[in-house]
Amino acid sequence: MEVLRSNLGRVRIPEPTNRIYKHECCISFDNPKSEGGLFVDMNAFLAFGKDYVGWNYEKTGNSVYLHIKQTKKTEDAEDRPSKKPTLLAIGIDGGFDNSEPQYEEAYEIVILPDYVTLPFPSVELPEKVRLAVDAVLLAEGAERKEQLASWTADKKLVSKYATDLLQLDNGVVVPPVGWKCAKCDKTENLWLNLTDGTILCGRKNWDGTGGNDHAVNHYRETGYPLAVKLGTITADLEGADVFSYPEDESVVDPLLAQHLAHFGIDFSSLQKTEMTTAERELDQNINFDWNRIQETGEDVEPLFGPGYTGLVNLGNSCYLAATMQVVFSMRSFCLKYYSDQSLKAAFSMAPADPTVDLNMQLTKLAHGLLSGKYSAPVLEKDDTTSAASSPKQEGIRPRMFKSVIAASHPEFSTMRQQDALEFFLHFIDQVERMNSGKPDFDPSRSFKFGIEERLQCPSGKVAYNRRNDYILSLNIPLEKAINKKELAEFQNLKSKKAAEGKELSADEIVRPRVSLKDCLDCFSAPEEVHEFYSTALKARTTAIKTAGLTSFPDYLVLHMRKFVMEEGWVPKKLDVYIDVPETIDISGMRSNGIQPGEELLPDSDAGDGEQSTKLLANEDIVAQLVSMGFNLLHCQKAAINTSNSGVEAAMNWLLEHMNDSDIDAPISQNVQNPDIDQSKIDTLVSFGFEEKLACRALKASGGDVERATEWIFSNPSASAASDMDAATSGGAAVDPLLPDGGGRYRLLGFVSHIGTSTQCGHYVAHIHKDGRWVIFNDEKVGVSKNPPLDMGYLYFFERLES
């Protein structure tokens, strides 16, 4: 006790604002359930495993710790049946169950360096210690606080149209049974419009099933906003599926009982016969794709040991898990954060709070995944036989890594599903920033390569533009499908079944199949660039653009643009297979710069500088605005600053900038483009648009993402290179800091997505390790018998040495 009293100066009573870690070690994945338990520093409130608490004492001198040890309770009660999921999510309330056994905790006070142990609770302990420990035990742990981030993706909001909803006195009375679409023969997936009582079928699903879009078309014709799905109405009105077309989401109608009574519906007598929209989406995604990508039904042999550690889903964190499993299968990241950097070295370099240090948390994650320490068979509940008879692993929870990598990106801090591509690019950007000025030690450099675009105008002269990138984003040319005969037969079958009022079964659906080679060829294929300003012709014209790579990275990441924008600005997924071989050769995609006999476009001179650097105002747009009474100069500025995209965009710009201090200033010789928020550019890029096209669209729409998306679809001839008016440079000199080598690559791994959009669903990784394919499905790791090579979203290739 005297030893403790002599160290009371090292004990603090935590304040409400203190972050208290007590569920996981800051530099490893040890936790209170681990063999050595967890040690909470009673000064800094950081937690450490048994093997690491000494390091903290050496670094800080903090000597007093609360030791927490959890042991599993014996469960006598029978297992309860698992509940059916109601959300397409894992590890959260309503999602797929990650049930855990119950544990009981034991505590003691430990004083370093001699590990003197004192029991807790004990009246003999100094009051300061008792108060400090009680406060730690009662406080919500920092890890749990982050985990309790609100799940908002599927929470319904009250519709703003519900309170004052117009209901027509048209005498419509809806019978309790026998419903049928008023415009076709559909008797399922029917929606009752709550304004006029019309019963119409719902939207057509991606696979041809569902309705014929009559309900949504009725809204477009009438503007009547709310509809309820017949078959989901029961005495429990909270379970009814109400959809708001103008709000484009499922909503709550607090007056639903009143609105139903208007049409003579006694909801108390109705039985549920239809799935809600959320249930239907869930059902569609737990079918063919879900089963095939996760290899459901296969007798998957579980794997354990170094490099085979699973990542527990924290609640829709599968995008992170799948991506990081592939990243740490790459030599550059394994060397940087595992082989060449120990946990102790990373901890010694970390700030006072290692939980906020990206280098520390990456090293922790690498050691957690690659050491094999946390990848061992564990006993199933109530299993008294050997561990080998219940082969499963608990995996590790990447809470601290998720917290620190999301610190500069609010979306990744939520519990909502995210785009694996967007996460990968954000992750690589953070790693590059962390290693700024140290290119030789930057593992993100192994993904980096140069892209060169060649533009040739009708004069025959050329311009070259270069940029660096980390991923090669590929369009999918559906017109080059290799199974066109089967697709034609499928379309005939679908038409025949539609005429008969029948729906297609899952095994009857045929999807387009496109080869990866055609996708790569599409990237390099010539394309027209309209409104290109030629310094040779001193006029805007149509140029021909081709693209190639100036260097070949160590690891080539291919992004398949499977998501396109549909109504409601929601990215939807193309239903297509990609034939991907396990080895590719992209040597033919190398760009060699200016060739003998080519002549570069001249640089802009004083005489044409204004035309080459300034977009001239469209006379028709200006005339229409002037006719509305606006000032001529103001109208010209509006047209120029919205890239002549249309009267509406120019009008919006005018209204937003009428009070600008320089609105009456003459138009500058060099009109500066408005600053565009990089996050908005990243959002459009994540939808599959090129970055330069995204920039142009945002400039044309005043920085509004929705209007920018509409601008892109309204200007199909727009090209990302349209603004590349003057960049003329010769040669294809490779940046010496970029890796380079031959063009032959081997498929190392791929990330697949299950679901209808980036905002829902599940990600799974398949990685080629030790001569076999391995599936990483959150904490489940096993031998892949049928890897779905044709269903990838991101493909990771490793360059083969010559």
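**Helices, cores and aromatic contacts in a predicted model**

Just after helix 19, Ser643 adopts a positive phi of about 55°, helices here being DSSP runs of H or I with at least four residues and strands being runs of E with at least two, both numbered from the N terminus. The structure is a predicted model, in which local features require pLDDT of at least 70 and side-chain atom pairs count only at pLDDT 80 or more, whereas totals for chains, interfaces and linings use all residues. Residues are numbered from 1 along each chain as its sequence is written, and side-chain values use heavy atoms, with hydrogens and water left out.

At the start of helix 19, a side-chain oxygen of Asn631 comes to within 2.8 Å of the backbone nitrogen of Leu633. Seven of the 10 residues of helix 19 are buried, so this helix is largely enclosed by the rest of the structure; buried denotes under 20% relative accessible area, exposed over 50% and partly exposed the range in between, with a 1.4 Å probe and protein chains only. The buried residues of helix 19 are His634, Cys635, Lys637, Ala638, Ala639, Ile640 and Asn641.

In helix 18 (residues 619–627), the residues Ile621, Val622 and Leu625 are buried. Viewed down the axis of helix 18, its buried residues fall within an arc of 95°, so they line one face of the helix, the arc being that of the directions from the helix axis to the C-beta atoms. Glu619, Asp620 and Ser627, on the other side of helix 18, are exposed. The cover over the buried residues of helix 18 includes helix 19 (632–641) and helix 20 (647–657), with contact taken as heavy atoms within 4.5 Å. Helix 18 is followed by Gly629, which has a positive phi near 105°.

In soluble globular proteins, nonpolar side chains tend to be buried together. A nonpolar core is defined as a set of buried Ala, Val, Leu, Ile, Met, Phe, Trp, Tyr and Cys residues joined through side-chain atoms within 4.5 Å. The largest such core has 54 residues, of which Met324, Phe328, Phe401, Phe427 and Phe447 touch the most other members, and helix 9 (residues 318–327) gives the most to this core, with eight residues. Apart from it lies another core, of 39 residues, among them Cys25, Leu38, Leu118 and Ala350.

Phe447 and Tyr555 form a tilted pair, 6.1 Å centre to centre with 45° between the planes. This pair links distant parts of the chain, 108 residues apart, with Phe447 in the loop between helix 14 (420–434) and strand 12 (449–456) and Tyr555 in strand 18 (residues 555–560). Phe447 is buried, at a relative accessible area of 0%, and Tyr555 is likewise buried, at 5%.

Asn777, in strand 25 (residues 772–777), counts as buried at 6% relative accessibility. The side chains of Asn777 and His762 are joined by a polar contact of 2.8 Å, a term for a pair of N or O atoms within 3.5 Å in which, within protein, one must be able to donate a hydrogen and the other to accept it, residues adjacent in sequence counting only if both atoms are side-chain atoms.

Terms used:
Rings of Phe, Tyr and Trp (its six-membered ring) pair if their centres lie within 6.5 Å; planes under 30 degrees apart count as stacked, over 60 as edge-to-face and the rest as tilted.
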